[in-house]
Each structure stands twice: as C-alpha cells, then as structure tokens.
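Subject: Structure for you

Hello,

Here is the structure I promised. My notes follow below it.

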Amino acid sequence: MTEAAATSRPRRAPPRIDETKVSQALQDLFAGWRVSLKEPFKGITAAGKTAGGLFPLRKTGVSTQPLVDAAKAFLASLDAAQRAAMRFAIDSEIWRTWSNIHRNLMRHGLCMAELSDKQRELAYGVLRAGVGARAYETARNAMRLNETLAEMTGLPEEFGELFYWISIFGEPSASEPWGFQFDGHHCNVNCFVLGDQIVLSPMLLGSEPVTAEAGVYKGTTVLREEEAEGWAFMAALTREQRKKALIGMDLPFDGYASGFKDNIVVPYDGLPASEMTPQQRTQFITLIERYTDRLPGGHAQVRLDEVTAHLDATVFAWIGEFDPVSPFYYRIYNPVIFIEFYHQPGVALPNTGYNRRHAHALVRTPNGNDYGRELLRQVGSG
C-alpha cells in the first residue's frame with residue numbers, strides 16, 4: 001500500500017476516553033496531571049528558582065514569514081466551525097495539556113483524521129515550515145510508525161498515522177506573538193513565534209517500534225542517529241569521565257520532563273563540558289546540534305549559538321549500562337536547553353523490560369521559556 005493510500009483511508013478521530021471507566025491507576029494518573037496544571041508555570045529549574053535575563057526580546061535576522069504564510073493558508077482552508085475548534089488565546093493553559101499517551105484524552109484542536117486531504121496537506125505544511133527538514137521527516141516517520149503500531153496490535157481505533165491534533169494559538173503574524181501545536185502519540189511539537197524569534201519546545205519525538213520491519217511503512221525508522229551519536233559520545237570519554245557522567249543505573253520509565261512535568265527541579269548532575277578535552281567538546285557540540293537543528297533554516301544556528309554561549313555551564317549525564325546492546329538514558333542540560341534521550345520498556349508491544357525498540361527524544365527550554373512563556377511575559381510587561 002502506498003503512503004497516499006494509507007493516509008486517504010476513511011478514518012475518524014478515536015473515541016474520547018471516559019475516565020470513570022478506566023483502571024484506578026489511570027484515574028489517579030489523570031487526576032495527578034490535572035493537579036499539575038493548576039501549578040503556576042515556572043519551567044524546569046536547577047534549584048526551584050527561575051534564572052532571569054536568559055531570553056531577551058531581540059531581532060535574529062531570520063524571517064518567520066514562511067511559517068506565518070503556511071499557518072494562514074491552513075486557516076483559510078477551514079470553515080468557521082473548524083477554526084473555532086482549533087483557535088486558542090496565546091496565553092491559554094491549553095498549551096500545557098499536550099500528552100504522549102496514545103489515547104484521546106485532553107486532546108484539543110482538529111484531528112488530522114477528520115480533515116480533507118487538502119486541509120491535511122496544508123496542516124503538514126505548518127509543521128514543515130515550523131521545524132527543520134530532518135525534524136519534519138522524524139515527526140512524519142513517528143506518525144507513520146504509529147500506523148505500524150496499529151498494524152502490529154490490531155488496534156486501529158487506538159493507533160494510527162492520522163491520530164494527531166493541530167491547534168493554533170493567537171493570530172499568525174510577523175510581529176505579534178502566536179504559535180501552533182501538534183499533539184499525539186510520540187509526536188508532540190510546541191512552536192511559539194514572536195517576530196523573528198522561534199521557541200520550539202517542549203518537543204517530544206519517539207516511537208514503539210523505532211523501525212517498521214513489515215507493513216505499509218516497512219523500513220521506516222526514527223531516532224537512530226540520536227541513539228548512535230549519544231552512545232558514541234559516551235564512548236569518547238575516559239573511564240573517569242564516564243564515572244562522573246553516570247548519575248544512576250535505573251532507567252526512568254518516561255524521562256524526567258515529559259508531558260505534565262512543566263515545573264520539575266533537576267540539578268546539574270553529570271560531567272561538565274568544562275572538564276572535556278577540546279576534541280570531546282567539538283563532538284559534544286555536534287551532538288547538541290542534532291537537537292538544535294530541529295528548528296528551521298537559520299533559526300537552528302541562532303539556537304545553537306544560544307546554547308553554546310553557555311557551554312561551560314552544560315552537563316552531560318548518563319543512566320544505565322554502557323555496552324553495545326543495553327538500553328540507556330542520556331541528558332544534555334544547561335540554563336537554556338534540556339535534552340533527554342531514553343529507551344523505555346514495551347508499552348503497546350509485548351516485550352520484556354527496557355529495550356532499544358522503544359525510544360523517546362525530548363527537548364525543553366528551562367528557566368521559564370517553554371511555550372515561549374518568558375518572551376510572552378516580557379511582551380506583556382512592555
């Protein structure tokens with residue numbers, strides 16, 4: 001079956017969950033999520049207090065007009081009811097309700113399954129304009145592998161390539177703050193835009209499985225470079241450096257900064273870049289660039305420069321065994337970026353324990369600028 005055939009099949013959005021009819025464990029999880037959303041937004045911090053002066057309002061010299069044009073073209077394709085369903089205020093708390101869980105819970109906006117083929121392509125156009133070319137391919141492959149998961153599980157009402165929701169916050173503009181969100185299983189993209197500044201976080205991409213071994217998307221794969229380059233950097237360290245980078249052996253189930261964890265406190269544990277050799281620092285920056293190039297065009301360089309300006313304050317951390325086959329977790333963290341890559345146990349597929357078939361890679365902006373909140377605060381107080 002071709003991709004066109006797969007994406008044009010009649011599909012509907014999966015049924016919304018009735019939380020009263022799920023297990024008590026899930027009810028407790030959902031209740032905990034809602035409690036977290038009532039906490040004032042602060043963002044990831046090292047000690048519970050947000051550091052200031054990290055994200056000034058400025059001109060980057062890199063246009064955001066292609067993204068503005070793509071968003072306007074998509075909005076123009078919608079009818080009034082559709083637009084009403086997916087438009088939110090720029091300061092809406094709806095931003096914070098993205099979720100990697102595959103079920104239709106807390107979803108908002110328009111489901112890709114219920115758009116026309118033309119509208120869907122225009123929606124993909126918003127995503128394409130808002131992220132880098134490699135990130136766009138990873139995001140689309142995560143969606144395609146969600147179709148593979150439907151094939152493997154026999155659950156087409158729970159998994160599928162089209163079970164992703166798009167929302168737009170504010171009015172697409174070359175000068176006023178606005179943004180968009182893609183939300184669904186293993187593809188969560190939050191993009192805030194102010195003038196020619198872009199904040200692309202939180203952004204989570206992943207898959208289970210990471211490679212389609214059969215089916216309509218056989219051969220599709222994600223996150224292999226993020227996995228290989230992270231492992232290779234750990235291998236480039238000395239034995240003593242690896243000891244300092246190692247912060248634990250027990251892998252976290254879902255990372256530290258996934259959905260509904262906007263205000264976590266994470267200390268700067270691990271190996272500081274200041275203790276790396278020049279060659280190691282060069283390799284470390286290349287690894288960081290794997291994530292900063294999730295932004296489009298020249299914005300990726302702007303972001304890399306922002307991150308490397310704090311290189312001496314950046315730490316690399318590792319959790320788990322270090323050998324050619326074991327699953328692992330690594331983190332790159334400084335005052336303006338938080339990156340984590342990690343393997344998980346099987347969730348939708350029956351496999352034993354943590355393994356390399358299930359992986360996530362997540363990027364956040366610490367100290368209050370996820371969702372562009374710190375930039376928006378400055379606009380509001382200006």
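**Charges over rings**

The charged end of Arg 373 lies over the ring of Phe 41, 4.9 Å from the ring centre. A charge counts as over a ring if NZ of Lys or CZ of Arg is within 6 Å of the ring centre and within 35 degrees of the ring normal. Arg 331 does likewise with Tyr 256: its charged end is 4.8 Å from that ring's centre.

A word on the source. This is a predicted model: local features need pLDDT of at least 70, side-chain atom pairs count only at pLDDT 80 or more, and totals for chains, interfaces and linings use all residues. Residues are numbered from 1 along each chain as its sequence is written, and side-chain values use heavy atoms, with hydrogens and water left out.

**Aromatic pairs**

The whole structure holds 21 aromatic pairs. Rings of Phe, Tyr and Trp (its six-membered ring) pair if their centres lie within 6.5 Å; planes under 30 degrees apart are stacked, over 60 edge-to-face, the rest tilted. Trp 95 and Tyr 371 are tilted, because their planes meet at 55°, with ring centres 6.0 Å apart. The two residues are 276 residues apart in the chain. Trp 95 is in the loop between β1 (87-88) and β2 (110-111), and Tyr 371 in the loop between β13 (354-364) and α11 (373-381). Helices (H or I, at least four residues) and strands (E, at least two) are DSSP runs, numbered from the N terminus.

Trp 95 has 1% relative accessibility, so it counts as buried. Tyr 371 is also buried, at 1%. Buried means under 20% relative accessible area, exposed over 50%, partly exposed in between (1.4 Å probe, protein chains only).

Best wishes
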